[in-house]
Amino acid sequence: MSAGYELRVVQQAYDGSPRRVVLDVDALTVPAGEILAVVGPSGAGKSTLLRLLNFLEPPSAGTVVFDGAVVPPNPPLSLVRRVTTVFQQPVMLTGSVWDNVAYGLRLRGLPTETAVSQVLERVGLAALARHSAAKLSGGEMQRTALARALVLAPDVLLLDEATANLDPYNVGLIESIVRDQNQTRGTTVVLVTHNVFQARRLATQAAFLLGGRLIEAGPVEPFFTSPRDPRTAAFVRGEMVY
Amino acid sequence: MLGPLPPIVWLTLYVSGVALALATLAGVPLGAALALNPFPGRRYVELVIYTGMGLPPVVVGLAVYLFLSRSGPLGGLGWLFTPPGMIVAQVIIALPVVIGLTSAAVGSVAPGLRLQVRALGAGPRQVMWAVLKEARLGVLAAIVAGFGSVISEVGAVMLVGGNIEGKTRVLTTAIVLETRKGNFELALALGAALLALALAANAVLLRLGQRARL
């Protein structure tokens with residue numbers, strides 16, 4: 001099952017002096033079953049956007065529509081559990097690789113045995129199932145984090161710079177798993193990345209954030225080949241220093 | 001000569017054990033909640049907790065004495081010069097220690113962990129449990145410190161319990177009494193028993209800590 005989003009006049013601001021507006025998006029659609037790459041320099045509001053999409057924090061203003069329904073300020077756990085995020089720095093829980101991958105299923109009171117075995121095979125970590133998660137390499141940790149997310153069969157998978165610190169082998173492996181997840185199971189994917197090449201390889205839709213504002217969004221090919229906004233053009237050509 | 005020792009050891013264990021259990025049951029969730037939930041005025045609450053960690057037991061004893069005395073607001077309970085009154089005093093001594101050190105341990109867990117477990121679908125209680133599990137060595141240290149603060153204190157149990165033989169006499173108050181009477185041999189034996197008790201209790205807690213580290 002897949003689900004999409006609509007963001008309407010969404011703003012996220014944090015208290016302080018002065019009040020800091022980190023995200024200000026008039027309209028953004030994430031179509032169900034697509035892979036949206038959100039690109040932009042550091043501090044553009046990309047991670048904030050993912051936290052909103054995972055319902056980990058409510059927006060300061062505006063409306064988020066998920067799967068056709070307006071998301072309330074305190075969304076029920078059943079709604080939050082339809083979405084999950086893989087972060088740039090995967091935090092491993094104390095225990096084995098198996099324990100980490102089974103964690104979300106246990107939270108939901110679901111059986112773990114078959115689902116965890118299958119997903120560990122998929123990410124190439126079956127042999128390390130009983131190893132301590134804390135002793136894995138960076139690539140293995142990130143694949144564990146991906147397995148921990150995929151085992152939940154989410155409607156939406158959010159990736160926050162999930163391959164930023166990895167070697168090309170692990171980047172390729174994770175990209176192929178994400179692509180397969182999208183194509184065979186219809187999972188909507190929102191991918192935050194600095195890497196325009198990765199965005200172009202993987203995504204069907206793209207969006208460019210700059211200074212918290214959505215500059216441009218649309219299907220991936222025209223986004224990269226003939227961007228409408230000169231700032232988007234500068235970014236995709238690698239001319240924007242960030 | 002050591003005839004009175006077993007009941008004194010038993011009462012010491014009973015009073016401090018129950019006080020520690022109550023302080024742990026209340027203090028660990030409160031400490032975790034304090035670390036995990038920012039709210040206006042949290043700094044002032046932390047200031048009170050940290051000040052409480054250094055509360056002189058004799059002052060606690062005096063306050064509890066006044067509350068439990070016949071003319072005090074809780075005089076109707078009839079707990080003055082009884083083990084329940086001593087337990088109340090020791091809970092007040094141990095609680096800030098357990099809350100403060102648990103809060104520090106939970107606060108030192110990587111903030112990314114909370115976000116991660118929430119993103120995996122953990123509800124508020126499951127988040128707290130996950131963080132406590134990651135901070136378990138620090139939480140264990142909080143419980144060990146709480147035990148240390150009550151097993152060795154004399155001022156509060158002396159005032160609230162009254163050091164009544166066979167009723168409220170514990171190791172620390174017995175040591176004071178026997179020293180005053182010049183029974184140094186018995187006082188030293190009581191002191192050795194107190195040390196052995198503290199050693200045994202800490203050995204159990206540290207053993208739990210080693211298992212938690214695995």
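A salt bridge is a side-chain nitrogen of Lys or Arg within 4 Å of a carboxyl oxygen of Asp or Glu. Across the interface of chain A and chain B in this predicted model, that rule finds zero salt bridges, while over all chains the count comes to eleven. The model is predicted, so to speak of local features needs pLDDT of at least 70, side-chain atom pairs count only at pLDDT 80 or more, and totals for chains, interfaces and linings use all residues. Residues are numbered from 1 along each chain as its sequence is written, chains are lettered from A and ligands numbered from 1 in the order in which they are written, and side-chain values use heavy atoms, with hydrogens and water left out.

**Where the chains meet**

- The contact (heavy atoms within 4.5 Å) takes 22 residues from chain A and 15 residues from chain B.
- About 1600 Å² is buried between the two chains, and carbon and sulfur atoms give 59% of it; buried area is the accessible area (1.4 Å probe) that two parts lose on being put together, summed over both.
- L56(A), V91(A) and T94(A) supply 33% of the area that chain A buries against chain B, more than any other three residues.
- Eight residue pairs, both at pLDDT 80 or more, are in polar contact across this interface; the term means a pair of N or O atoms within 3.5 Å where, within protein, one must be able to donate a hydrogen and the other to accept it, and residues adjacent in sequence count only if both atoms are side-chain atoms.

**Nonpolar cores**

- In soluble globular proteins, nonpolar side chains tend to be buried together.
- A nonpolar core here is a set of buried Ala, Val, Leu, Ile, Met, Phe, Trp, Tyr and Cys residues joined through side-chain atoms within 4.5 Å; buried means under 20% relative accessible area, exposed over 50%, and partly exposed in between (1.4 Å probe, protein chains only).
- The largest nonpolar core has 98 residues, and L146(A) and L159(A) have the most contacts inside it.
- Helix α1 (residues 5–36) of chain B gives the most to this core, with eight residues; helices (H or I, at least four residues) and strands (E, at least two) are DSSP runs, numbered from the N terminus.
- Beyond its neighbours within four places in sequence, L159(A) is in contact with residues including L50(A), V86(A) and L146(A).

**Strands of chain A**

- Strands β1 (residues 5–14) and β2 (residues 20–30) of chain A pair in the antiparallel sense over nine bridges; two strands pair if DSSP finds at least two bridges between them.
- The bridge partner of A13(A) in β2(A) is V21(A).
- β1(A) also runs antiparallel to strand β4 (residues 61–66) of chain A, joined by five bridges, and Q11(A) stands opposite A61(A) in β4(A).

**Salt bridges to look for**

- D24(A) forms a salt bridge with R213(A), the closest N and O atoms being 3.1 Å apart.
- This pair links distant parts of the chain, with D24(A) in strand β2 and R213(A) in strand β10 (residues 213–219) of chain A, 189 residues apart.
- D24(A) is buried, at 18% relative accessible area, whereas R213(A) counts as partly exposed at 43%.
- R51(A) and E57(A) meet in a salt bridge of 2.9 Å, N to O, and both residues are buried.
- In chain B, the side chains of K181(B) and E178(B) meet in a salt bridge of 3.6 Å, N to O.
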